Amino acid sequence: MLNCLKANEICTGAACMKAFHLKSKSFSRYAEEDAEVAAFMRCNGCESDPSTDKGMQEKLQRLVQEEIEVVHAGICTKDREGKECPVISRILEMIEESGIEVVRGTH
Ligand code: SF4
């Protein structure tokens, strides 16, 4: 799961985890599968440019090494109007370029 660093100040991740364990909402696609949560990562903040951020590149390499198959972007990565954060859009693009499927949504 990929989440907003700012949301992390007020979010425990509990709703995402609960939805995953219940295989509900965006995780209903795993209802018949033995899927597991392998990582819970955040963006590196509003000032960070994912294209040049070495830390983010390292995180993406790690996802590939761990053979992560799908990354879900949390609802915290969208604003109140439902518009996706541009930094997250770029990270998701890079994740897809790494050969990992992207799903927009968790709980
Ligand atoms: S870049 Fe976007 S997702 Fe990351 S902390 Fe800022 S608002 Fe949240």
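How many nonpolar, polar and charged residues are in the shell around the ligand? Before you count, know that this is a predicted model, where local features need pLDDT of at least 70, side-chain atom pairs count only at pLDDT 80 or more, and totals for chains, interfaces and linings use all residues. Numbering runs from 1 along each chain as its sequence is written, and side-chain values use heavy atoms, with hydrogens and water left out.

**Stop 1: the ligand.** Select Cys4, Leu5, Lys6, Cys43, Gly45, Cys46, Cys85, Val87 and Ile88, which surround the ligand (each has a heavy atom within 4 Å of it). By class, that shell has seven nonpolar, one polar and one charged residues; here Cys counts as nonpolar, Lys as charged and Gly as polar.

**Stop 2: the core.** Now pick Leu2, Leu60, Leu63, Val71, Ile91, Leu92 and Ile95, which touch the most other members of the 17-residue largest nonpolar core. Such a core is a set of buried Ala, Val, Leu, Ile, Met, Phe, Trp, Tyr and Cys residues joined through side-chain atoms within 4.5 Å. "Buried" means under 20% relative accessible area, using a 1.4 Å probe and protein chains only.

A second, separate core of six residues includes Cys16, Ala19, Phe27 and Tyr30.

**Stop 3: serine 48.** Is serine 48 buried or exposed? Serine 48 counts as buried because its relative accessibility is 16%. Beyond its neighbours within four places in sequence, serine 48 is in contact with Asp53 and Val87.

Conventions: Buried < 20%, exposed > 50% of the residue type's maximum accessible area, 1.4 Å probe, protein only. Contact = heavy atoms within 4.5 Å.
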